[in-house]
Amino acid sequence: MRRFADLRPALAATTPLLSALAATALLLTACGTERADAGNTGAEAAASQDGTRIDDPGKDGVRITSLTLPSAAPSPTRSHSVSADRLTTGSDSGVSAAYEVTNEGTEALTYAVVFTFMSGDGGAVTNQTETVRDVGPGQTVRGTVRAGELPPTAPRVTQAEVLEVTKVPAGEAPAEPGTCPASGIRVSADEGDAAMGLRVVGLHLDNCGTRAYTVEGYPLLELLDDGLEPVDGVEILDGSGEITTGAGPDEEPRPVTLEPGESATAGLVWRNTTEFGTPVNVPHVRVRAKEGADPVTVTLHLDLGTTGKLGVRPWKKTER
């Protein structure tokens with residue numbers, strides 16, 4: 001039988017090879033997360049910081065493919081999350097998630113995706129919304145969403161999920177902020193206000209073109225479900241008097257001419273009262289500023305309850 005001393009020459013010969021293999025492993029681990037910017041295509045998913053692919057089934061064609069955390073040695077906590085030390089605050093947290101959007105439909109779509117970054121106990125730390133525009137049928141688009149700056153008291157982020165996905169036809173999506181559609185007219189909706197069961201949401205019409213634009217009366221609306229099909233059983237009223245008198249009197253409809261740079265607003269008013277019957281929720285509203293205008297589909301999530309009514313206030317020029 002050979003003694004331990006007799007093995008030392010063989011061990012010495014293998015030491016350089018073991019060191020080289022260890023160095024190679026360290027270099028591969030240090031490579032971090034590969035990212036792809038929005039607009040790139042392909043089904044290959046990015047790897048997470050420790051090289052572990054994230055197995056996330058996703059939602060409505062959107063899934064997270066990797067999570068990057070500011071940790072030297074992250075370790076998986078579940079199939080689509082990794083742990084991290086407490087985040088550096090006062091600047092960008094360094095937390096980001098790579099995602100991919102796959103359009104399995106038959107027309108180009110624009111997606112609004114809400115991502116939630118969570119702590120180890122599943123509590124939400126922060127939500128971020130990404131808009132992914134003009135995803136063609138059968139196309140996969142990849143991008144990265146950052147958690148951004150977090151407060152000093154925030155718990156560490158260990159996981160991320162797709163919280164909500166809404167999608168509209170690409171040609172009807174609201175214009176990107178700071179841009180002007182070919183029509184020269186930009187239509188958008190605000191966050192709205194809710195008090196004592198009364199809901200009010202403002203529609204905004206901006207003349208970002210080079211010529212005057214005139215509207216008269218009420219915006220034209222179509223209520224759409226998740227599949228962008230018409231919602232039946234809701235009466236769209238001219239004015240809000242049948243809904244409430246507490247939001248002030250309705251303006252009389254009149255012609256409104258907007259010079260370049262001017263704006264107008266209209267209002268949607270409803271109650272979410274629920275009594276007998278099935279509550280109606282309307283995720284999307286297709287808006288035309290007037291007859292013949294290009295449609296714009298906004299995502300408003302109207303919780304109409306069982307009232308069956310939606311009041312619309314006329315266009316009114318915004319005072320500067």
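## Gly143

Gly143 counts as buried because its relative accessibility is 1%, under the 20% cut-off. The model is a predicted one. Gly143 belongs to strand E8, which covers residues 140-146. Its C-alpha atom is separated by 6.4 Å from that of Glu100, a residue 43 residues apart from Gly143 along the chain.

## Largest pocket

The volume of the largest pocket is about 910 Å³. Its lining is made up of 35 residues. Nearest the centre of this pocket lie Ala189, Glu191, Val298, Thr299 and Leu300. By residue class, the lining holds 16 nonpolar, 9 polar and 10 charged residues.

Several strands each supply at least two residues of this lining: E6 (109-118), E7 (124-135), E9 (159-169), E10 (185-189), E11 (193-195), E12 (198-207) and E19 (296-305). Strand E19 gives the most, with 6 residues.

## Second largest pocket

The second largest pocket has a volume of about 270 Å³. It is lined by 17 residues, and Pro181, Ser183, Ile185, Asp294 and Val296 are the closest to its centre.

Strand E10 provides the largest share of the lining of the second largest pocket, 3 residues; E10 is also one of the strands that supply at least two residues to the lining of the largest pocket. The lining of the second largest pocket divides into 12 nonpolar, 3 polar and 2 charged residues.

Technical notes. Residues numbered from 1 in each chain as written. Predicted model: local features only at pLDDT ≥ 70, side-chain atom pairs only at ≥ 80, totals over all residues. Heavy atoms only, no water. 1 Å grid on protein atoms, 1.4 Å probe; cavity = no way out; pocket = protein on both sides within 12 Å on 5 of 7 lines; lining within 4 Å. Points joined across faces, edges and corners; volume = space filled by probe spheres on them. Helix = DSSP H or I, 4+ residues; strand = E, 2+ residues; numbered from the N terminus. Nonpolar A, V, L, I, M, F, W, Y, C, P; charged D, E, K, R; others polar. Buried < 20%, exposed > 50% of the residue type's maximum accessible area, 1.4 Å probe, protein only.
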